[in-house]
Amino acid sequence: MKPRETVAPSAMSPFLARVAEHSGQAVMSCYQCGNCTAGCPMAHTVGLGPRQVIRAVQLGLREAALGNELIWLCLGCQTCTVRCPREIDVAAVMETLRLLAIGEGVKPAIRDVAILHRLLLESVKRTGRVYELAVGGLYNLLGGRPLTNADLLPRLLARGKLGLFPARNKGARKVSAVYGRVAQIEARPVTEPIGGKAASRPGPRAPAPITRDAAVRSYAYYPGCSLGASAREYDVSTRLVFARLGVELRELEGWNCCGASSAHTTSKLLGHALPARNLQLAEEMGLPLTTPCPACFSRLQSTRHALRNSQLSGQVSEALGREFRNQVPVVPILGAIRAEEVAAAVRRPLAGLKVACYYGCLFVRPREVAQFDDEENPQTMDWLLAAAGAETIDWAFKTECCGASLRVPRPALAAQLTGRVLAAARRLGADCVAVACPMCQANLDQRQEGMAEALSERGAMPVLYFTQLLALALGLPPAELMFEKNLTDPLPMLRAKGFA
Amino acid sequence: MSDLVTGIRAQVRDLLARRRVEYVVGYETGSDGVNARPFFAYTTEEADRLVFDNTCTHNLTKYLVEPERRGSTIGVVVKPCDARSLTVLLAEHKFPRDVVAIGVVCPGIVQRTREGGDGEAPQARCQVCDQHTPPACDILVGEATAEGPVLDQFARLAPLEAQSAAERSAFWSQQFERCLRCYACRQTCPQCYCDECFAEALDPEWVGVRIGRAENWLFHAIRCFHLAGRCIGCDECERVCPVKIPLGLLNRKLRKEVLDRFEYRAGTRSDERPPLETFRKEEKLDLA
Amino acid sequence: MARVGVFICHCGSNIAGVVDCAAVASAARRMPGVVHAEENNYACSEVGQAAIRTAIKEHRLNRVVVASCSPRMHEPTFRRTVAMAGLNRYLMEMANIREHVSWVHGDDKPAATGKAIDSVRMAVAKVIRDERLTPGKVGITKRALVIGGGIAGIQAALDIANAGHEVILVEREPTIGGRMAQLDKTFPTLDCSACILTPRMVEVGQHPKIRLATTAQVEKVSGFVGNFEVTIRHRAKRVDHSVCTGCGTCWQKCPEKVPSEFDSGLGKRTCIYIPFPQAVPNKPVIDWANCRYQRYLAASGAEKKPPQCRICEKLCPAGAIRFQDEDSVVTEQVGAIVVSTGFQAFDHSAYPEYGGGRYKDVISCLQLERLLCASGPTGGEVVRPSDGKHPKTVVFVSCVGSRDDRVGRPYCSKVCCMYMAKQTILLKEHDPEVQAYVFYIDIRAGGKDFEEFVRRSQEEYGALWLRGRVAKVYEEDGKLIVRGEDSLVGRPVEVAADLVVLATGIEPSAGADALARTLGVSYNDYGFIVEAHPKLRPLESNTDGIFLAGTVSGPRDIPETVAQGSGAAAKVIGLLNQDELVTDPMVSRVDPLRCSGCLSCREVCPFDAIGSELLRDGRTAAKVNESSCKGCGLCVVTCRSGAMNLRGFTDQQLLAEVVAITR
């Protein structure tokens, strides 16, 4: 749709019906209030915001709906979904449009993002996990953006944040096989769209249950790709904390990448098959599953939620080569640690440390899938760090998107978003930001020089995993907690406060 | 002589002696010398004929709802299941509260053939009974003991529930084909107390007197629904059926439905009405 | 011997265009009991009715079947017709061959005709078994009860009282006036709300025919139209109003201060208090739950006993304080009830993205109203609650708790667009330097002068109306950042505000649903009481004799509310002006011979119309109160003994209908 071009709207078009059916959303009930656009982190950079894209669907304007930039730049932060007064899962509609665009061969408006997703999936197909160095490098080449993130490369390599070689994975061949079967299933003629209608949204908001069952002392552990490479300190500190609290973490053997945002936005079936394989591995261990990475958690929970549909579940079982029973409960790491246990085990309280707890979006959204904490003002991390003796601030940016996966293709945009978050934390006098997500950590930590203005003269804001802070409080030696991995050095602040 | 019998006789003698009741409905040993039968004790001497053993199968509360017994103060010996009938009937104003319920801790009742043969097997209802101590009785005879492990009250239904609707329909058709419309099931059930039963009404003629498969179906189906939420599971209807139709299955199935949908067991409280007669604002039925 | 006449209406081409009426008539003639059948072009017309009456006389008919439209259309019409011809009006049945046949089976005329014949056959079978029914009569108590003393209740009470009937006006709060008393000015005239309300309040307080009961609540209602028995709890005021002069010494000296409900939590009031200066009655009450003396009495144990206080008692020159007072419960007889319990504002703490109630400078519209009001907590100075400074940038957020499925409020609250416009004007009047922004989704300005009023806000008072919902409000550097979209230009928008006002929606007053259950009237998912018919009977509930006025049944503005108050009063006056009420005879009846006395019918009756009686043979049987019974039939289907029957729809008739089409 060119600017100011006269359009011919159609009512109840086949395109609208297709989008409604595939996404399971009542697109016609949108009354164009604009809440989604108002909350969208990308709205200021794209031609058509989410409200306008929905309008294009409503009017049957297929080219505008499938050819716009937003469906490729959508971060999947679910802010739109959480706020829509007609309870439309707007993020799901964006995802559906992207899938339809791919399926119908529409040229992606943002070509390099499409390439990035393909590369990531290809990496997973070969090795079962994301080989970040290769994906990033090939993206730069093929996406025509050779210098993207090149400035960060030396520092990331020096800190061991990028594995030089792909991680060894026993399950690699099995994952390849899954891809093969998915391709076979998708090649069949579609008689009806996979997935069907989404479950209806719940009515008036109620916060979800939070504390974990004290009786659970063992979890199956799904670290996710980042924790083996760019977020190793998260993995290490998590294991140390759990060990100190006497809760066992048993890593899934041969686990594969959950597919992150690439899989489910390019192939619905693959997007569920990849997480489902990990759930099956957990089921064999007979333990509930916990994961520190919110993206992985979101994929696992979404898959559990979506696979209540028996047709989809059947296809996933076929793709996996084994029946998928969907019985393993998945607990985000914030829910697997009990504040009382932390308080009881604290040896060196974090007194005098003012922390801004940054949750990111995927642990708590959308409500009916995550079923954890509060979508707008979550509290679990705050409780844990308060139990460790820290002072947590009450701030409005707990779930504002950090820029997530866009940090590779659009680092400048991501930096804008993270700049606001850090500036808010700085203004409220926080000493550091605590995170629970590898992508949030990377985004907030790695480009702070460009945000000098936002951060004011007081300088950089250290960004630490909450497990690193908990580990400090539990008396674990700072040297084991890999503080040197951060690009924005937290040690001066920690030393000044007497914690390191 | 068992403690239960001593206890009952003593209590009844006392009730009659101080004229607390005019008579007591209990059990005595029948003419075959083995199986118990109902007995009306009017005097303290007659009290000594009372017995209680594992052949006391009858639900004696049936006698309380008869019209000619109104106006009399009565005592009744009740097993736990019978006591549940009492609560249902009290809630439905069928007799005044001055009825004296003599509850007996029940060891379970056996199936006995009329020939007095050896079948000591407990009745199906007793095999899954989870209430051996009668609730809410005026007098308790016997030692209340802790209940055993919770048994599945509805295990008997499993084979039928596993069948398709067509299969079940065929099963019951076969059963009802035998029905003679003798109404023994209705006559023995305490909760069936209507002065004019719908099955025998002529104006309007709901069912008709003719013995035919359609009429038999209709009679049993309507009776079943009239008992929904009120049947306490004594299974006497099944025992008395001369052609051995497994009516206990039907009524137990409705007991299960009521329990599942409304979390309600008939006969637990006398101030409660069955779910089909009560509305609660929080109630939301899944009508899908 | 039944002599049935069947009249088949063509309804122009509505019926005749699909149904072969001649064939129906011909089939009817052969039905048992039918002695006459004729066709009619428009049976309900003068001509048509005359034809029916003529036929009744000519053919000595004693039963009539009219095959035409739905009884909901013309049952009363045809009942009158047969009554005029000398037949009992209940010896007429209708077969619906329009809505049930010609309007839905237009694609298959032969089948439609067959169905029409079956309908007529059923109606004939039924009408043969119709009995002559005579409506009953019952007396009326000439007194009205009005529940809720806001403007709706005040208007209703005054109109009823001025028509000469006694009124009891029950109000939960210590004063009447309701929400309108909290407003500064009203749209679109910008009248001072208190100025137009308080004269009415005084009139109510002084009216010889109105008995005002404040701090009172209705606890129980039984009976039926014209004959209600109402139990009212008069909560103890602990001040003797017959002695108190309203001098104000007590509330000036009371040391215990709590947040003021009247000021929407922005200011404080004392424990012995009048809610606002023009309160009616203008005498204080004691908020016993917060009173220091009450806490002293309730405290047990030696340590930390609160002071005894009792300052009001010591200082009262009239000796009017009565700490020992208890609630009193009184029963009244009334003939009609008006429910006007009003609304409360949606609690915006359900929106964490707007601060969830944590930000002091994010306030509700009612709170802004109190700030604007000269008799408010700040004397009419609009200041930020956080620091007392005058805001220069004020942002309004619309649809907070309205049009929002997430918080369970999908409906529009109707008045918010208008009061936002009003508040932008008033803000500018208070401070010409204020710039107002209004984030709206749609502007709903459908009343008289409403659209012009909104234009004034935009054109004369410079308020900037931005079309888009607000996604988030957060604090930054002492300002409130409001993030929304202007969808008309298609861009996200951010405004740094000093004060944010949330247009909180309307929901029924707390306890309205419990009151509805007490009264036995229906209410919807949100607690609004349901009208008997939303279009044609907006002031009646589904219980005869209980009328509705104001926001109790849905969001509405002051002109509508006042109109409804007067309308409800007219209904009440119409009822109370009669000497006796005619009751519908199509009610349930118990056959005492069959009744087993289980009283299941009484349990299920939604109208409390069934009781019990002792028969001469000592049995208890159910008994139907024919005035309360609405003929819903629930008791009939519940009765296992077949003792309950519904006149006009007896079991015998229904079975006859089934037999008629199955044999």
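Domain bounds here come from an automatic or database domain assignment. On that basis, chain C is divided into domain 1 (4-128), domain 2 (143-179 + 192-234 + 332-342 + 511-576), domain 3 (249-326), domain 4 (344-507) and domain 5 (584-647). The C-alpha centres of domain 1 and domain 5 of chain C lie 33 Å apart.

This is a predicted model, in which local features need pLDDT of at least 70 and side-chain atom pairs count only at pLDDT 80 or more, while totals for chains, interfaces and linings use all residues. Residues are numbered from 1 along each chain as its sequence is written, and chains are lettered from A and ligands numbered from 1 in the order in which they are written.

Now the sheet in chain C. Helices (H or I, at least four residues) and strands (E, at least two) are DSSP runs, numbered from the N terminus. Two strands pair if DSSP finds at least two bridges between them. Five strands of chain C form an open sheet, ordered β20-β27-β21-β22-β23, with parallel pairing. β20 (362-364) and β23 (464-467) of chain C each have a single partner strand, so they stand at the edges and one side of each lacks a neighbour in the sheet. From one strand to the next, the twist averages 25°. It rests on axes that are lines fitted to C-alpha atoms (for helices over the stretch in contact), with angles from 0 to 180 degrees between N-to-C directions. Strands of a sheet pair through backbone hydrogen bonds, either parallel or antiparallel.

Look at one pairing. β21 (residues 393-400) and β27 (residues 499-504) of chain C run parallel and are joined by five bridges. C:Val400 stands opposite C:Thr504 in β27(C).

Next, the chain contacts. Two residues are in contact if their C-beta atoms, placed from the backbone, lie within 7 Å. Two pairs of chains are in contact, and chains A and C share the most contacts. Chains A and B have no contact; their closest C-alpha atoms lie 15 Å apart.

The contact between chains A and C takes 24 residues from chain A and 26 residues from chain C. On the chain C side, β24 (470-476) and β25 (479-486) are the elements that give two or more residues. β24(C) gives the most, with six residues.

Finally, one residue of chain A. A:Arg365 sits in the loop between β5 (354-358) and α19 (367-370) of chain A. A:Arg365 counts as buried because it has 26 C-beta neighbours inside 10 Å; the cut-offs are 20 or more other C-beta atoms within 10 Å for buried, 12 or fewer for exposed, and partly exposed in between. Leaving aside residues up to four places away in sequence, A:Arg365 touches A:Gln78, A:Thr81, A:Val82, A:Ala370 and A:Glu375.
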